[in-house]
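Take a look at the pockets of this protein. Which residues line them, and which helices supply those residues? The chain and its model come next.

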Amino acid sequence: MIGDLFRHNKYMAVVWLLLRLYLGITWLTLGIGKMTGGFNAEGFLRNAVANPVMREGSAVYPNYVAFLENFALPYADFINFIIPLGEVLVGLGLIVGVLTSFAAFFAIVMNMSFLLAGTVSTNPWMIALTFFLLVAGANAGRIGGDRWVLPYIKKKLGWGLPSSR
């Protein structure tokens with residue numbers, strides 16, 4: 001019942017539009033700020049490795065710390081490029097409602113990355129709000145580009161078409 005409300009109700013599509021715009025503008029603003037403000041994640045990454053999230057004397061996320069130490073830090077220039085670009089793309093995807101579920105998924109991935117590194121900020125709220133967009137599925141982009149993009153992609157990939165047996 002709640003799934004149908006979230007995924008198919010045209011009035012809920014208006015709620016998802018408002019939520020998409022709020023989150024999209026937030027992501028776009030953050031991404032543009034990083035692109036134009038000389039963003040450098042290296043200090044943040046070093047701090048996350050030096051001061052991991054701890055519980056009872058041991059790291060809570062040792063695999064994530066290893067990822068930061070062995071991949072993110074050595075490739076900090078790539079990270080400095082991909083984070084702002086990802087934030088801008090997620091923001092644009094949510095604002096225009098194109099590939100909304102993908103944008104929402106990657107928004108949660110970015111928020112989780114920040115949380116695993118020990119930064120709380122607004123990340124839990126953004127994850128919670130974005131989760132609603134994921135649950136809403138295609139209805140989250142109903143008032144947006146997904147109205148045309150998703151059927152086009154399905155047609156091109158042959159999804160949802162009767163088999164020719």
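Predicted model: local features only at pLDDT ≥ 70, side-chain atom pairs only at ≥ 80, totals over all residues.

Start with the largest pocket. It holds about 810 Å³ of space. Its lining is made of 37 residues. To find the centre, look for Trp27, Ile83, Glu87, Met110 and Phe114, which lie nearest to it.

Now trace the helices around this pocket. Six of them supply at least two lining residues each: H2 (10–36), H3 (42–50), H4 (62–72), H5 (76–96), H6 (100–116) and H7 (123–136). Which helix gives the most to this lining? H5 does, with nine residues. By class, the lining of the largest pocket counts 27 nonpolar residues, eight polar ones and two charged ones.

Move on to the second largest pocket. Its volume is about 250 Å³. The lining residues include Arg7, and then Leu99, Thr100, Ser101 and Phe102. Gly137 and Ala138 also line this pocket. So do Asp146, Leu150, Ile153, Lys154 and Trp159. Two elements give two or more residues to this lining, H6 and helix H8 (146–157). H8 gives the most, with four residues.

The classes in this second lining are six nonpolar, three polar and three charged residues.

Terms used:
Residues numbered from 1 in each chain as written. Heavy atoms only, no water. 1 Å grid on protein atoms, 1.4 Å probe; cavity = no way out; pocket = protein on both sides within 12 Å on 5 of 7 lines; lining within 4 Å. Points joined across faces, edges and corners; volume = space filled by probe spheres on them. Nonpolar A, V, L, I, M, F, W, Y, C, P; charged D, E, K, R; others polar.
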